[in-house]
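Here is a short briefing on one protein fold. Look at the strands and helices, then read on.

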Amino acid sequence: MGQAAVPSVNRTRGLARPMEHIMSREHPLVSVIIPSYNRSDVLRLCLAAVEEQTYPYIEVIVVDDCGTEDVAQVAAAKGAKVVRTKVNGGPTPARNLGAEHATGEILFFLDADIALDPDAVENAVRVLDAHPRIGALGGILRPESLVSQSLASQYRALQMHRWWMPAHRPTLELHAAVLAVPAKVFAEVGPFDPRLRETVSSDYRVRVTRSYQVKLSDAIRGRKDHDATVRTILRKVFRRARMSALDWRKGETPGDSVPRAIGGVLLLAAVPALALPLVLPAAAGRAGALVSPALVAAAMALDAGTYRFACTQRGLAFGLYFSGVHLAVTFTGALGGAVGVLEGFALTRLEKPARILAGQD
């Protein structure tokens, strides 16, 4: 699958011209780079969707991240080039390894649990060709889950679709899960930072925007296989928020959205506010009983568009379920972020005496 009947492209590793890049051919070769760790069932769907792309000039590189399943066999059976990491390091080192083996003029990074729409690659090529100042082009997720159809996965599909849509985002973030980058730009900017955990995409956006534009396009779409249980979603949200806070750098937007971050803080404050009726005198206690609901209402108002979107898309009954889970997700994300901030502060306090002893301060 996917090996285009076109001459090989000798990718230049030198610097691209500032603020622009030029495709060398009318039909540039696209290297679709797919990091994969187990889940060969969804990898089959991912590769089948790549095989159905309307753009024919594609090479497919699957990076087996030291999984235990038959990822390599599944990929090879579909005609993809397979490379394997030396150790399981997560998707970031796997993407970088795939880029090292790519020969295309465009690198299209794609997670293995996403099935692209048939015209996604063609649309990416068209946008990059029409706008040579774009150095990184992100796609979005459809509001439907790929395999799992549980209520939790339906929630997650709607939520991530809404938050990834460029028209509804207060800040412009990239997601390496669906990302097209001209090879010359990738060579100039450098690979994804393997030291980062949950902020690798925002770090890459910052680096690209020093010389190029970044763009999200709803013409590049795919369906992701979302987690099937609320428990799994909350566990991942907490971990990612905590690690994002540890990796946070000055100039980045907390949680990708200031209103969303404020809403999370309000939900955190709503918990201790529940005790106000118990610690205040009777008259003040009755008023204090309204504080917690008011904080929750304010948090929901800051993200009202998301709640309204769920009700409009799936009806009132699902909208109520969505609202309950979304409040839990927002609270959990804020809690994870707070833990990460405290851990980062503690690490800074511990590292300062060590630097003084080492004569670095």
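This is a predicted model: local features need pLDDT of at least 70, side-chain atom pairs count only at pLDDT 80 or more; totals for chains, interfaces and linings use all residues.

Residues are numbered from 1 along each chain as its sequence is written, and side-chain values use heavy atoms, with hydrogens and water left out.

**The sheet**
- Helices (H or I, at least four residues) and strands (E, at least two) are DSSP runs, numbered from the N terminus.
- An open sheet holds 8 strands in the order β3-β2-β1-β4-β7-β6-β8-β5, and its pairing is mixed.
- Two strands pair if DSSP finds at least two bridges between them.
- β3 (81-84) and β5 (114-116) are the edge strands, and each pairs on one side only.
- From one strand to the next, the twist averages 30°.

- β5 and β8 (residues 213-224) run antiparallel, joined by 3 bridges.
- Opposite Ala-115 stands Arg-223 in β8.

**Helices across the sheet**
- Angles run from 0 to 180 degrees between N-to-C directions, and axes are lines fitted to C-alpha atoms, for helices over the stretch in contact (heavy atoms within 4.5 Å).
- α3 (residues 91-100) lies across β1, β2, β3 and β4, at about 150° to β1.
- α5 (residues 151-164) lies across β6, β7 and β8, at about 150° to β6.

**Helix α1**
- Its buried residues (under 20% relative accessible area, 1.4 Å probe, protein chains only) include Ser-40, Leu-43 and Leu-47 in α1.
- β1, β2, α2 (71-77), β4 and β5 are among what covers the buried residues of α1.

Key:
Buried means under 20% relative accessible area, exposed over 50%, partly exposed in between (1.4 Å probe, protein chains only).
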